[in-house]
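Hello,

Here is the structure we talked about handing over. Please load it before reading on; my notes follow below.

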Amino acid sequence: MLEKLFPEYVSEKLSEYIDILNDAYGENRDYTKRGGYVLVVENSKDVLAIGTIFDYRSLLFEWVDRMGDDYVAVLYMLNDDYSIVLCMPVDIAPDIILNELRGDF
């Protein structure tokens, strides 16, 4: 299904992130309580909505992964047992993420 929504290289990375979470925390877990999930935003309106889920602008992230030339993924560890992988087009990514990609930290 992901391959219908995103370019192949993006859907492969998204599947990889999902597999990592499923391997570590179980495929049938309650993802709202344990392990976390992969969140994909596609436009600036989606980016604003993320603030209702977690404050991605003020939290430190573990890593940034470039997916081709036009997508980026960011891992946020919200606690020891819960993380969110936030994926978005580079052109709507916040400056703090873009700075990390450029090595400006």
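Keep in mind that this is a predicted model.

I start with one residue. Ser15 sits in helix 2, which covers residues 8-25. Its relative accessible area is 30%. Buried means under 20% and exposed means over 50%, so Ser15 counts as partly exposed.

Now the fold. The chain holds four helices and four strands. Their order along the sequence is α-α-β-α-β-β-β-α. The radius of gyration is 13 Å, close to the 13 Å from the globule rule for 105 residues, so the chain is as compact as a globular protein of that length. Along the principal axes, the C-alpha atoms fill a box of roughly 35 × 30 × 25 Å.

Next, packing and contacts. Of the 105 residues, 39% are buried. Take the contacts between residues at least 6 apart in sequence: 46% of them join residues at least 24 apart.

Last, surface and charge. The accessible surface of the chain is about 6500 Å². Carbon and sulfur atoms account for 49% of that surface. On the charge side, there are 9 positive and 21 negative side chains. The centres of these two sets lie 5 Å apart.

That is the handover.

Best regards

Definitions and conventions
Residues are numbered from 1 along each chain as its sequence is written. This is a predicted model: local features need pLDDT of at least 70, side-chain atom pairs count only at pLDDT 80 or more; totals for chains, interfaces and linings use all residues. Side-chain values use heavy atoms; hydrogens and water are left out. Helices (H or I, at least four residues) and strands (E, at least two) are DSSP runs, numbered from the N terminus. The radius of gyration is taken over C-alpha atoms; the globule rule is 2.2 Å times the number of residues to the power 0.38. Buried means under 20% relative accessible area, exposed over 50%, partly exposed in between (1.4 Å probe, protein chains only). Contact means heavy atoms within 4.5 Å. Accessible areas come from the Shrake-Rupley method with a 1.4 Å probe; for residues, only the protein chains shown count as cover. Lys and Arg count as positive and Asp and Glu as negative; His and the chain ends are not counted. The place of a charge is taken as NZ of Lys, CZ of Arg, CG of Asp or CD of Glu.
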